[in-house]
Structures are given as C-alpha cells and as structure tokens.
Amino acid sequence: MSELLLPPEQRYASVINQRRNEDGSELSILNLGPTHPATHGIFQNILLMDGERILDGESTVGYIHRAFEKIAENRPFYQITVLTDRLNYCSAPINNMGWWMTIEKALGIEVPKRVQYMRVIVMELARIADHIICNSVLGVDTGALTGFLYVFQFREKIYEIYEEICGARLTTNMGRIGGFERDWSPAVWSKIDAFLEEFPAAWQEFENLLVRNRIFMDRTINVGPISAEKAMSYGFTGPNLRAAGIDYDIRVAQPYSSYEDFEFDIPVGKSGDTYDRFCVRNAEIWESLKIIKQALAKMPEGNFHADVPEYYLPPKEDVYTTMESLIYHFKIVMGEIPVPLTEVYHPVEGGNGELGFYLITDGSRTPYRLHFRRPCFIYYQAFNDMVRGQNLSDAIATLSSLNVIAGELDA
Amino acid sequence: MSDTSKYTMAEAPAGYAGEGFFATKLSDVVGLARANSLWPLPFATSCCGIEFMATMASHYDVARFGSERMSFSPRQADMLLVMGTIAKKMAPILRQVYEQMAEPKWVIAVGACASSGGVFDTYSVLQGIDKVIPVDVYVPGCPPRPEQILDGVMRLQDIVKSESVRRRSSDEYKDLLGSYNIK
Amino acid sequence: MALESAVIQQKVIDQFGLKVADFVQLHDILTFEVAPDAILEVMKYLKEDEILRFNFLTDVCGVHYPEYAEERQFAVVYHLHNWVDNVRIRIKSFLPASNPEIDSVVPLFLGANWMERETYDFFGIIFKGHPQLKRILNMDEMTVFPMRREFPLEDGGRTDKDDRFFGRTQQNC
C-alpha cells in the first residue's frame with residue numbers, strides 16, 4: 001500500500017503536525033476540488049480546517065489552461081473571436097463585441113450608431129444570461145433547486161435570440177470587424193420583444209423566492225465579505241466590486257458602444273458579502289432590461305455594418321459576382337489588409353467585471369501580443385482571504401456568488 | 001391521478017411470451033435494466049458543461065432517459081460524461097476518476113475538445129480524452145446542442161442494451177484496459 | 001478637473017528624471033518607460049501622490065521581443081487606473097534576456113500576486129520580493145516558458161498529425 005501514498009514533501013501530515021490548536025487537538029486538511037461538484041468548474045482549494053471552520057487555504061488553478069494568448073499570436077484577427085467565446089462562456093457575446101471594439105479602435109474604424117445600439121442589446125442580453133446562471137446556481141448551492149429550473153428556461157429564450165442572430169447558442173462567435181455578419185431578421189426583434197414581455201414576471205418571482213427568504217438570508221448574509229479597500233487592492237471589478245460599495249462600472253466610467261446614450265443606475269451593495277453580490281446581480285438584471293428597452297425605442301436607422309470594405313468580409317454572393325468583393329475577400333482572407341503599428345487597451349464591462357484586451361500589432365495579419373485581462377483570474381486570488389474564519393458551507397456559497405468561470409480563469 | 005398514457009414504457013426484449021410467463025435471454029434483461037438507469041457522472045470542465053446544465057434543466061430534461069440522478073461520486077456512477085477541454089494538468093485526475101468508477105462503466109466524450117482537443121491544438125491541451133481512457137461514444141459539436149448530448153446518451157443506451165454480460169470479464173476487455181495501463 | 005497627460009508626464013519626470021523615458025500617447029492611454037530598478041518607487045509615487053492617485057492596478061503582463069537588443073528583450077507592461085479622475089496610464093519596463101528580473105509590486109497591490117505569477121509562468125520573468133513565485137497555469141513540472149516566441153504553439157510530441165497533409169514544414173508552422 002505504501003506506493004499509494006504521496007511522496008513525503010507533498011503530504012499534508014507535516015503541516016498538520018506543525019499547526020495544532022491551542023488545546024492540542026489536531027487540524028485537518030480538506031481537498032476541495034478540482035472535480036468537486038460545488039466548485040462549478042475546476043480549481044482546487046486545499047483548506048486547513050479546524051472542524052467546520054476554515055483556518056487557511058491555498059488555491060491551485062490552471063486545470064483547463066488552453067494557452068489562449070499563445071493561440072492568439074498565431075491566428076488572424078477575425079479568427080480570435082472564437083477564442084473570446086470560450087473565455088467567459090456564460091456571456092460569450094460581450095467578449096465577442098469587446099474584441100471587435102478593440103480591433104476597431106486599433107484600426108480606427110467608426111461604426112454606425114445602429115450597430116452600436118444592436119451591440120448594446122446583445123451585450124445586455126448576455127449580461128442577463130450570465131447573471132441568471134450565477135444567481136440561480138447560488139440558489140442551488142444554498143438548497144433551492146427550483147429557482148434554477150425555473151429561470152433556466154429564460155436562458156433558453158436568450159439562446160434562441162442568439163440563434164436567430166448568428167446561428168449559435170452558447171459560443172456565439174458573433175459579428176465582424178465593423179458590425180454584424182447580417183442584418184437582424186424580424187424574428188430577432190419579435191423574440192426580443194417576447195423575452196422582454198415574459199422575463200420580468202419570472203425574474204420577479206425568482207427574486208421573491210429568495211430575497212427575503214429566511215434560510216437564504218441566513219446562508220448568505222455576512223458570508224464571504226470583503227471590504228471596499230481590500231477589493232480594490234485585489235483588483236476586483238464588476239458586480240463583486242460594486243457589492244462592496246464602489247460604483248465603478250466601465251459602461252459609465254468609460255462608455256463604449258454608445259452606452260452614454262442610455263439612462264441606467266449602477267446598483268451598489270454595502271458589505272461585499274454573498275447576499276450583496278446576489279442583490280447587485282439581481283438589480284443589474286433590471287438595469288439591463290431598462291437599457292434594452294431604451295435601445296429598442298431609440299434604435300436608429302442605418303446599416304448593420306460599417307462601410308469598411310478593406311476589413312469587413314463581403315457577402316458571399318457578391319464574392320462570386322463582383323470583382324471588388326472578390327479582391328477584398330481575397331485580401332482579407334490572405335491577410336493583406338493594412339494594420340497600423342499600435343498598442344490598444346480596450347476594456348468592456350463583462351459579466352464578471354472589467355474584461356480588457358491589450359493588443360500589440362506589428363503590421364502583420366496576426367497580433368504580436370494579445371493579453372486578456374480576465375476579471376475572474378484576478379479576483380479569485382482573494383477567495384482564501386474571504387473565507388478565512390468561515391465555515392466550509394459558507395465557502396461554497398462564497399465561491400458560487402463570486403461567479404468564477406474556469407474558462408476565463410485559466411485562459 | 002396523473003394520466004399514465006403520457007409515459008412510455010421501455011420496450012421488452014425479444015422472447016417468448018405465454019400465459020403467465022415470458023422467456024428471454026438474461027443478458028437482454030440486464031441490458032434493458034442497465035440502459036434505462038444510467039447514472040451520469042458529469043465531469044464538466046468548460047463550455048459544454050453549461051450546455052449540459054441546459055440538458056439537465058426543465059427544457060430538455062435528461063431525466064426522461066433514466067438519468068435523473070446526477071452522481072457526483074464516481075463510485076456510484078455508470079456513465080462518465082466528459083464535457084469540456086481536458087488540459088494535460090487535468091488528465092491524471094480524469095483518469096483517477098475513471099479508475100474509481102465501478103464496473104460496468106461507460107464514457108461519453110461530449111464536444112470537440114473532449115473528443116479531439118478541438119480548436120485548442122496547443123502544448124497544454126490533451127488531444128482527446130481517448131489518449132488516457134477508453135471512450136464509448138463521441139458527441140461532436142463545439143459545444144454540442146442539448147439534443148446532440150441526448151442523442152449521445154441514446155447511442156450509449158443502444159450500446160449498453162446489446163452488451164454481453166460477460167464482456168467485462170473477457171480477455172478483449174482486459175486487453176483494452178491494459179492498452180491504457182489501467183489494471 | 002481632469003488629470004491631463006502633460007501634468008502626469010511633468011510630475012513623473014520631475015520626480016524621477018532619467019529613470020523614466022519615452023512618453024507617448026497611444027490612443028487614449030499615456031505610455032512611458034521606467035527603468036526596471038525604479039519600478040517599485042515609481043508605482044508607489046503614482047499611487048500615493050495626492051494629484052496622481054493611480055489607485056488601481058488594472059493589469060500586469062509580459063511581452064517578449066526577440067528581435068530587440070539583448071538588454072531589452074522582455075517587457076513587463078503595467079496598466080494603472082486613477083478612479084477619481086478616470087485616467088489610465090501604461091508603464092513599460094524592459095528587461096535583459098539573460099537576467100529578466102524586476103521588483104514585485106505586491107506590497108502596493110495585493111492583486112498583483114497572481115498576475116505576476118502568470119507572467120513568470122509564461123515568460124520566466126522573476127519578480128523579486130514576490131511572496132510565492134511559482135507556476136500558476138501550467139504544470140509545475142514544465143521546464144520551458146511557453147509564451148516566449150521561440151516556443152511552438154503545438155505540442156511537438158504529436159504522432160496523429162502528418163504535417164505533409166497540412167502543407168507545413170518545420171519552418172512555417
């Protein structure tokens with residue numbers, strides 16, 4: 001049996017021997033993950049426990065490291081959306097649009113107002129889809145499976161809207177440099193309208209189920225709190241930061257894609273605990289709905305893509321019939337488009353926080369370097385600080401409310 | 001009382017029926033029982049896991065195929081659903097989970113990454129889980145739609161139904177596991 | 001009143017003189033270069049100065065420039081953000097290929113911890129004073145630093161792919 005044991009330096013026995021309680025009783029070590037069902041993704045947390053209480057912890061990540069940044073250095077610009085999809089796959093269109101805006105900034109392309117509004121609609125739908133998963137799964141982790149089954153239907157409705165727009169459900173790979181690949185069909189608009197009609201009632205019901213629910217409140221209030229100063233130092237952004245009381249939202253601080261045209265509030269929490277994170281995400285869903293309604297009401301006339309033939313792939317039927325389209329198609333696909341030498345950092349408000357793209361071009365068809373600022377990766381390092389001194393079951397709720405997406409964490 | 005006509009019964013295997021008796025092969029009955037109560041072990045690592053969540057939820061409802069109970073313990077699972085990219089760092093863990101499962105056990109590789117590495121042809125990604133464990137059904141797609149995952153489960157049910165009760169103790173099976181260095 | 005790039009530039013030059021150089025406005029972000037031995041002081045100054053107030057470390061990443069001179073082959077790029085005036089800056093620090101070492105900024109920003117570990121993991125850049133500098137995304141057993149440009153994207157040990165069918169040779173892949 002001895003070969004089954006880990007080598008001595010990897011064994012935890014020495015740690016346990018070194019650190020004992022004051023009364024001499026032993027501590028224990030718990031391995032949470034990487035395949036634990038409550039971790040929702042694969043990361044390992046080695047926790048030093050005194051009974052139910054967590055004394056210390058260490059996280060290991062990288063279990064689905066896929067080398068995105070290395071792949072990005074070997075792919076043309078328009079093939080990189082495929083990678084961005086798979087970062088935070090709960091809200092893929094935000095990543096797609098963020099990437100297109102980055103490359104448009106680098107190339108100096110101005111996109112029509114209509115495209116910007118369409119992007120806002122898609123991004124806000126994606127934000128709703130992201131928060132649906134996070135909040136309903138938090139319900140599951142605290143013992144309420146019903147809510148998950150109930151609101152997941154509406155994620156399906158959002159998937160159907162994506163499907164009408166681009167043909168894919170989850171990893172959308174939506175859009176082109178300068179706009180969308182095709183104009184939205186009438187079905188898209190009617191599906192969005194239907195969604196706006198049905199969803200609020202269902203979400204209200206979900207909220208009623210949990211927000212003032214005694215059990216849920218007991219399980220989440222004061223669980224995994226983080227102070228505003230610490231959250232800032234740890235690089236928190238997005239709903240998790242706002243739950244700690246800082247109203248930093250890139251949609252307002254540095255508006256992109258015409259977010260300055262819309263009226264909406266930034267919901268903030270107070271104590272940065274699990275309950276506040278839940279409430280902030282809930283409130284953000286209502287704000288997103290408000291933004292979508294305004295965008296629909298104010299939708300300008302115009303084209304669904306910018307007039308940049310040297311970057312925007314022409315429609316296939318034109319490639320076969322007109323010469324200019326054929327030439328541009330060839331040049332784009334073969335990578336003979338002019339790309340200025342520049343460096344761009346473009347942040348967007350992703351589902352989890354500031355999703356930034358840092359792009360260095362060298363004039364060729366591929367990025368010289370592309371770095372993704374992945375919010376999950378940056379705030380997950382605070383997890384051990386947040387759960388220190390808490391119970392094990394609180395750690396599960398905290399992890400769930402942080403909405404750590406393994407794909408984004410590990411790149 | 002609910003309306004029983006909504007429920008479909010599993011089809012009885014071929015055999016001789018008479019008054020008060022029904023004679024058929026033991027392996028068919030065992031296969032029938034196994035195929036309609038496959039307990040899945042969702043080994044979800046990335047995007048396909050979210051589609052599996054959709055498969056589990058009310059809209060698609062994998063429970064209709066006898067997989068109501070998600071078994072997160074490998075000891076009590078029949079069907080390992082590997083969903084998502086398996087990095088080389090993850091491969092030993094996947095293998096350990098497979099080894100911990102009790103016989104009979106089946107594996108479905110859901111999605112392009114689990115089947116072949118998908119778009120991630122990189123230094124850090126395992127190019128298909130069949131490099132470390134034997135796979136019964138491959139589901140294509142990146143990610144597959146819930147219908148495709150359900151189809152994969154149904155294809156596996158076909159395999160399970162027709163599997164001989166002696167297969168797991170046969171030399172061929174031992175050779176198969178031997179080729180993966182699984183004892 | 002918004003914080004102007006010229007003000008930032010003047011203040012930083014006044015404070016650090018020749019340790020900072022190459023000020024350039026790239027799109028909306030002021031970019032400049034800092035000597036590697038001064039990075040911690042500069043960051044501390046930027047963070048704690050009453051006018052500059054760059055209180056948020058947005059990002060740390062590495063870049064490898066094999067075509068540059070030997071003492072400028074690696075760069076560490078920091079993005080800082082002033083939330084009060086809503087201004088971003090980008091700081092670069094070039095390091096020699098033979099000895100890529102720079103001070104860690106973890107004492108100033110807790111969030112730098114994993115970002116620096118990631119940079120170490122990808123490029124082999126050593127952050128002096130980092131509390132736990134070890135690999136984070138790749139396996140601990142890995143011996144190379146995969147984001148260095150000489151390292152190929154694909155796994156060299158693959159047997160199931162015949163390069164002839166992909167039109168590839170050793171040179172172009």
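Me: What makes up chain B, read from the N terminus on?
Reply: The elements run β-β-α-β-α-β-α-β-α-β-α-α. That is six helices and six strands. Helices (H or I, at least four residues) and strands (E, at least two) are DSSP runs, numbered from the N terminus. The model is predicted, so local features need pLDDT of at least 70 and side-chain atom pairs count only at pLDDT 80 or more, while totals for chains, interfaces and linings use all residues. Residues are numbered from 1 along each chain as its sequence is written, and chains are lettered from A and ligands numbered from 1 in the order in which they are written.

Me: What share of chain B counts as buried?
Reply: The share is 40% of the 183 residues. A residue is buried if 20 or more other C-beta atoms lie within 10 Å of its own, exposed if 12 or fewer, and partly exposed in between; C-beta atoms are placed from the backbone.

Me: Why is B:Cys113 called buried?
Reply: B:Cys113 has 31 C-beta neighbours inside 10 Å, so it counts as buried. B:Cys113 lies in helix H4 (residues 111-116) of chain B.

Me: Is B:Cys142 buried or partly exposed, and what makes it so?
Reply: B:Cys142 has 19 C-beta neighbours inside 10 Å, so it counts as partly exposed. Its place is the loop between strand E6 (137-139) and helix H5 (146-161) of chain B.

Me: Which residues does B:Cys142 touch, not counting residues up to four places away in sequence?
Reply: They are A:Thr171, B:Gly111, B:Ala112 and B:Gly118. Contact here means that two C-beta atoms, placed from the backbone, lie within 7 Å. B:Cys113, leaving aside neighbours within four places in sequence, is in contact with B:Gly84, B:Thr85, B:Gly118 and B:Phe120.

Me: Which residues does UniProt list for "binding site" in chain B?
Reply: The unreviewed entry lists B:Cys47, B:Cys48, B:Cys113 and B:Cys142. UniProt positions are given in the numbering used here, feature names are shortened, and annotations may be inferred rather than shown by experiment.

Me: Why can these four be said to gather at one spot?
Reply: They span 96 residues in sequence, yet no two of their C-alpha atoms are more than 9.9 Å apart, so they gather at one spot.

Me: How many residues does each chain give to the contact of chain A with chain B?
Reply: Chain A gives 25 residues and chain B gives 27 residues. On the side of chain A, H6(A) gives the most, with four residues. By class, this side has 14 nonpolar, six polar and five charged residues. Ala, Val, Leu, Ile, Met, Phe, Trp, Tyr, Cys and Pro count as nonpolar; Asp, Glu, Lys and Arg count as charged; the others, Gly among them, are polar.

Me: What does the contact between chain B and chain C involve?
Reply: Seven residues of chain B are in contact with seven residues of chain C. The side of chain B divides into one nonpolar, three polar and three charged.

Me: Why are E1 and E3 of chain A called edge strands?
Reply: The open sheet has the order E1-E2-E3 (chain A), with antiparallel pairing. Strand E1 (28-32) and strand E3 (53-60) each have a single partner strand, so one side of each is left without a neighbour in the sheet.

Me: What makes E1(A) and E2(A) a pair?
Reply: Two strands pair if DSSP finds at least two bridges between them. E1(A) and strand E2 (residues 44-50) of chain A have five, in the antiparallel sense. A:Leu32 has A:Asn45 in E2(A) as its bridge partner.

Me: Is A:Ile405 buried or exposed, and why?
Reply: A:Ile405 has 29 C-beta neighbours inside 10 Å, so it counts as buried. A:Ile405 is found in the loop between helix H17 (392-402) and helix H18 (406-410) of chain A. A:Ile405 and A:Leu87 are 318 residues apart in sequence, but 8.1 Å apart in space, C-alpha to C-alpha.
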